[in-house]
Amino acid sequence: MLAFKSSKKDSTQDHELLQQYQETTDLKVLGNLYQRHTEMVYYVCLRYLQDPELSKDAVMNIFEELIYKVNKQEIKDFPRWLYVLSKNHCLMYLRSQKNKSQISLDEFVKYPEDLHQYEHHDEKEEQLTAMEGCLEKLPDKQQQSVRLFFLEEKCYKEISDSTGYSLNEVKSYIQNGKRNLKNCMEAWNERQ
């Protein structure tokens, strides 16, 4: 378990340590400065992430982020600046997790859960083949977006970066592709 310490040092001493780090880039100095505020950082993270283990990880990640950001900005009030940095770190983490929706392909292929896993293997194989056929029938942009999202488990941002589509286009292609794929699979199931 991480031990977080909070020190009641005044901001003048924070400023001196910050200035010393900026002049020497000695990580021990930055570590001493950060250690004074780790309890605050932890509770900010806990407030947003609502998970003690994720919050502890975030405290460590924020320190790593601090190493690079502290020399890029003019910091007048370190505790306030660190609070905002911590809050933004957590919000970015939550946003990245929100874009990684966990939707399985089982949503498209119905498996009888109460039967033995090896029974109806041929039926499952037919459903997967039908799903692949339905996927091939989608318009190219929908097909590409659906494949990247569901099969390669890419988030919206990664799909946008790799395809050049805007985030709204990616979301639309996935939503429409998912609907079209579902309709195609339902039509296939009715024919069976």
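Predicted model: local features only at pLDDT ≥ 70, side-chain atom pairs only at ≥ 80, totals over all residues.
The structure contains one disulfide. Its partners are Cys 134 and Cys 184, with sulfur atoms 2.0 Å apart. The bond joins distant parts of the chain, 50 residues apart. Cys 134 belongs to helix α6 (residues 121-137), whereas Cys 184 belongs to helix α9 (residues 167-191). The torsion about the S-S bond is about -75°, so the disulfide is left-handed. Both Cys 134 and Cys 184 are buried.

Cys 45 takes part in no disulfide. The nearest cysteine sulfur to that of Cys 45 belongs to Cys 90, 3.4 Å away. Cys 45 is buried, with a relative accessible area of 0%. Cys 90 also counts as buried, at 0% relative accessibility.

Cys 45 also lies in the contact between helices α3 and α4. Helix α3 spans residues 38-49 and helix α4 residues 52-69. Their axes are 8 Å apart and form an angle of about 130°. This angle makes α3 oblique to α4. The crossing of the two helices is right-handed. From α3, the contact involves Thr 38, Val 41, Tyr 42, Cys 45, Leu 46 and Leu 49. These meet Pro 52, Leu 54, Ser 55, Lys 56, Ala 58, Val 59 and Ile 62 of α4. Of the contact residues, 10 are nonpolar, two are polar and one is charged.

Terms used: Residues numbered from 1 in each chain as written. Heavy atoms only, no water. Disulfide = S-S within 2.5 Å. Helix = DSSP H or I, 4+ residues; strand = E, 2+ residues; numbered from the N terminus. Buried < 20%, exposed > 50% of the residue type's maximum accessible area, 1.4 Å probe, protein only. Axes fitted to C-alpha atoms, helices over the stretch in contact; angles between N-to-C directions. Parallel < 35°, antiparallel > 145°, perpendicular 65-115°, else oblique. Left-handed = near helix turned anticlockwise from the far one by under 90°. Contact = heavy atoms within 4.5 Å. Nonpolar A, V, L, I, M, F, W, Y, C, P; charged D, E, K, R; others polar.
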